[in-house]
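This report describes selected side-chain features of one structure. The sequence and model come first, and the description follows.

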Amino acid sequence: MKKCQQSIQLISEAFDPDFVLNDFKRNKVCESTGKVKSCSYEFNDVVYTQEHEQNQQSLRFSISTYRNT
C-alpha cells in the first residue's frame, strides 16, 4: 500500500474503526467538474471525499461527519 493510502486509512480509522479503504474504492461515486474529479463515499454517518485535479498532481482527501440537529 502506498504511503498516501496508508495515511488515508489511518486517519479514516480515527473517525470510524470499521473504515476500509477498499470499500471506498469500490463504492465511491465520482463526478468531474472542470479540472477537478471528485469522488465521495458515505459510511456510518461519515462522508469521505477525494478530489484531484485532472493533471493528477494534486490530491485532497477530506472527512466530514453528519451532525444531528
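## The disulfide

Cys-30 is partly exposed, at a relative accessible area of 35%; here buried means under 20% relative accessible area, exposed means over 50%, and partly exposed lies in between (1.4 Å probe, protein chains only). This is a predicted model, in which local features need pLDDT of at least 70 and side-chain atom pairs count only at pLDDT 80 or more, while totals for chains, interfaces and linings use all residues. Residues are numbered from 1 along each chain as its sequence is written, and side-chain values use heavy atoms, with hydrogens and water left out.

Cys-30 lies in strand S1, residues 29-33; helices (H or I, at least four residues) and strands (E, at least two) are DSSP runs numbered from the N terminus. The residue forms a disulfide with Cys-39, with the sulfur atoms 2.0 Å apart, where a disulfide is a pair of cysteine sulfur atoms within 2.5 Å. One disulfide is found in a search of the whole structure. The torsion about the S-S bond of Cys-30 and Cys-39 is about 105 degrees, so the disulfide is right-handed.

## Surroundings of the two cysteines

Cys-39 is buried, with a relative accessible area of 2%. Setting aside neighbours within four places in sequence, its contacts (heavy atoms within 4.5 Å) include Phe-24, Val-29, Cys-30 and Tyr-48. With residues up to four places away likewise not counted, Cys-30 touches Lys-37, Ser-38 and Cys-39. Asp-18 is 12 residues from Cys-30 along the chain, and the C-alpha atoms of these two are separated by 22 Å.

## Nonpolar core

Cys-39 also belongs to the largest nonpolar core, whose eight residues are Ile-8, Phe-19, Leu-21, Phe-24, Cys-39, Tyr-41, Val-46 and Tyr-48. At least two residues of this core come from each of helix H2 (21-27), strand S2 (36-43) and strand S3 (46-53). Such a core is a set of buried Ala, Val, Leu, Ile, Met, Phe, Trp, Tyr and Cys residues joined through side-chain atoms within 4.5 Å.

## Salt bridges

There are two salt bridges, each defined as a side-chain nitrogen of Lys or Arg within 4 Å of a carboxyl oxygen of Asp or Glu. In one, Arg-26 pairs with Asp-23, and the closest N and O atoms are 2.5 Å apart. These residues are three apart in helix H2, which means a separation of about one helical turn. Arg-26 is exposed at 59% relative accessible area, whereas Asp-23 is buried at 19%.

Arg-60 and Glu-51 also form a salt bridge, with an N to O distance of 2.8 Å. Arg-60 is exposed, at 52%, and Glu-51 is partly exposed, at 24%.
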